[in-house]
Amino acid sequence: MKTLLLAVTALLLSITAHSATITATQDPWPPFVQQDHMNPGISVEIVTQAFKTQGYDVDFKIMPWTRALNDVKEGRVDVLVATWFTQERTSYLNYSQPYLENSLKFIKRKGDSFDYQGISSLTGKNVGIVRNYGYGDEFLNATNFNKPEANDLLTNAKKLLANRIDLTLEDELVAKSTLSGAGMNLDDFEFTQNALSINPLHVTSGVANARNGEIIAAFNKGLAEIKANGTFDNILRKYGIK
C-alpha cells in the first residue's frame with residue numbers, strides 16, 4: 001500500500017509539474033514579438049521552448065509596453081519575454097541570463113549627417129523615446145537634450161518625418177521590421193553608424209511574484225538545454241538571423 005501511495009503521489013506531482021503554466025507578455029516588437037500565430041517572434045519562441053524543456057506551458061499575450069511592464073512588476077503576469085537591463089529595474093524585476101543582444105541605434109531622416117559620438121553629441125536635440133523603455137541610466141539621466149515621449153516607435157517615426165523631433169532610437173533589426181511592416185518607406189530613414197549601446201536581452205519576472213526565483217531558474221536551465229540540442233539555433237535560422 002505504501003509503495004502504491006508513493007507511486008500515485010509521484011504521478012500526481014509529475015502531472016502537476018508538466019501542466020504548470022507560465023503567463024507571459026510583451027508589446028509588439030518584430031521580429032522578436034509578432035502578432036502572428038505561426039511566427040510569434042524570436043523571443044516568444046525561445047522563451048516557449050526553454051520553458052517547455054522544464055515542463056511548463058507558456059500562455060503569451062501581447063499588450064502595450066507600459067501595461068505589460070506594470071503587470072509583471074506587480075505579479076499579475078509571470079514574465080516579460082524581452083527586457084533590457086537598467087539598474088532601476090532591478091528593484092522590482094528578477095533578470096534571467098541574457099539570450100540575445102540588441103544594437104540600439106539612432107534613427108534620423110535621410111540625408112542627415114549626424115552620427116552618435118557620445119552623450120555630448122546629442123546636446124540641444126529632441127530625441128524621441130518610447131515611454132518606460134530601458135535606454136540605459138546615462139542616457140535617461142542626461143540633461144543636455146530633450147526626450148519627448150511617445151507610446152511606440154511608429155509614432156516617433158512619424159514625428160521624425162514631420163520634423164517634430166530630430167532623432168529617435170531602436171534596435172536596427174526591430175526598427176526595420178516595424179517600419180516596413182507598417183508600410184513606411186525605409187528609404188526615408190537612416191541609422192547612425194555608432195550605437196548608443198549593445199543591450200543584452202533578458203526574460204524578467206516581478207520580484208512581487210512569489211514564484212519569480214523558480215521561474216527565472218527554470219528559464220535559465222531551459223535556455224542551456226535548447227542551446228545544447230539545436231533548438232535555439234533553429235529558431236534564429238527560421239527568422240533569418242543565423
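Modeller: Among contacts between residues at least 6 apart in sequence, 74% join residues at least 24 apart, where a contact means heavy atoms within 4.5 Å. This is a predicted model, in which local features need pLDDT of at least 70 and side-chain atom pairs count only at pLDDT 80 or more, whereas totals for chains, interfaces and linings use all residues. Residues are numbered from 1 along each chain as its sequence is written, and side-chain values use heavy atoms, with hydrogens and water left out.

The chain has eight helices and nine strands, which are DSSP runs numbered from the N terminus (helices H or I, at least four residues; strands E, at least two). Its C-alpha trace spans about 80 × 35 × 25 Å along the principal axes. Of the 242 residues, 45% are buried; buried means under 20% relative accessible area, exposed over 50% and partly exposed in between, with a 1.4 Å probe and protein chains only.

In soluble globular proteins, nonpolar side chains tend to be buried together. The cores here are sets of buried Ala, Val, Leu, Ile, Met, Phe, Trp, Tyr and Cys residues joined through side-chain atoms within 4.5 Å. The largest of them has 59 residues, and those with the most contacts inside it are Ile46, Tyr99, Leu122 and Phe139. A second, separate core of ten residues includes Ala157, Ile165, Ala175 and Met184.

Leaving aside neighbours within four places in sequence, Phe139 is in contact with Phe106, Ile119, Leu122, Val127, Ile129, Phe145, Lys147, Leu169 and Leu196.

Turning to the rings themselves, a pair of aromatic rings is described by the distance of the centres and the angle of the planes. Rings of Phe, Tyr and Trp (its six-membered ring) pair if their centres lie within 6.5 Å, and planes under 30 degrees apart count as stacked, over 60 as edge-to-face and the rest as tilted. By this rule there are 15 aromatic pairs. In one of them, Trp65 and Tyr133 have ring centres 5.5 Å apart and planes at 80°, so the pair is edge-to-face. Trp65 belongs to helix α3 (residues 65-73) and Tyr133 to the loop between β6 and α4 (137-141), so this pair ties together parts that are 68 residues apart in sequence. Both Trp65 and Tyr133 are buried. Tyr133 also pairs with Tyr135, and here the centres are 6.0 Å apart and the planes lie at 40°, so the arrangement is tilted. Tyr133 has a relative accessible area of 11% and is therefore buried, and Tyr135 counts as buried at 3%.

Ring pairs link Trp29, Phe32, Trp65, Trp84, Phe106, Phe114, Tyr116, Tyr133, Tyr135, Phe139 and Phe145 into a cluster.

Two backbone features lie in loops. Most residues other than glycine have a negative phi, and most peptide bonds are trans. Asn132, however, has a positive phi of about 70°; Asn132 is found in the loop between β6 and α4 and is partly exposed, at 35% relative accessibility. The peptide bond from Pro30 to Pro31 is cis, with omega near 5°, and Pro31 lies in the loop between β1 (20-26) and α2.

The axes of α2 (residues 42-52) and α7 (residues 212-228) come within 7 Å and cross at roughly 100°. That makes α2 roughly perpendicular to α7. The contact is made by Ile46, Val47, Gln49, Ala50 and Phe51 of α2 and by Ile215, Ala218, Phe219, Gly222, Leu223 and Ile226 of α7. The axes are lines fitted to C-alpha atoms, for helices over the stretch in contact, with angles from 0 to 180 degrees between N-to-C directions; angles under 35 degrees count as roughly parallel, over 145 as roughly antiparallel, 65 to 115 as roughly perpendicular and the rest as oblique.
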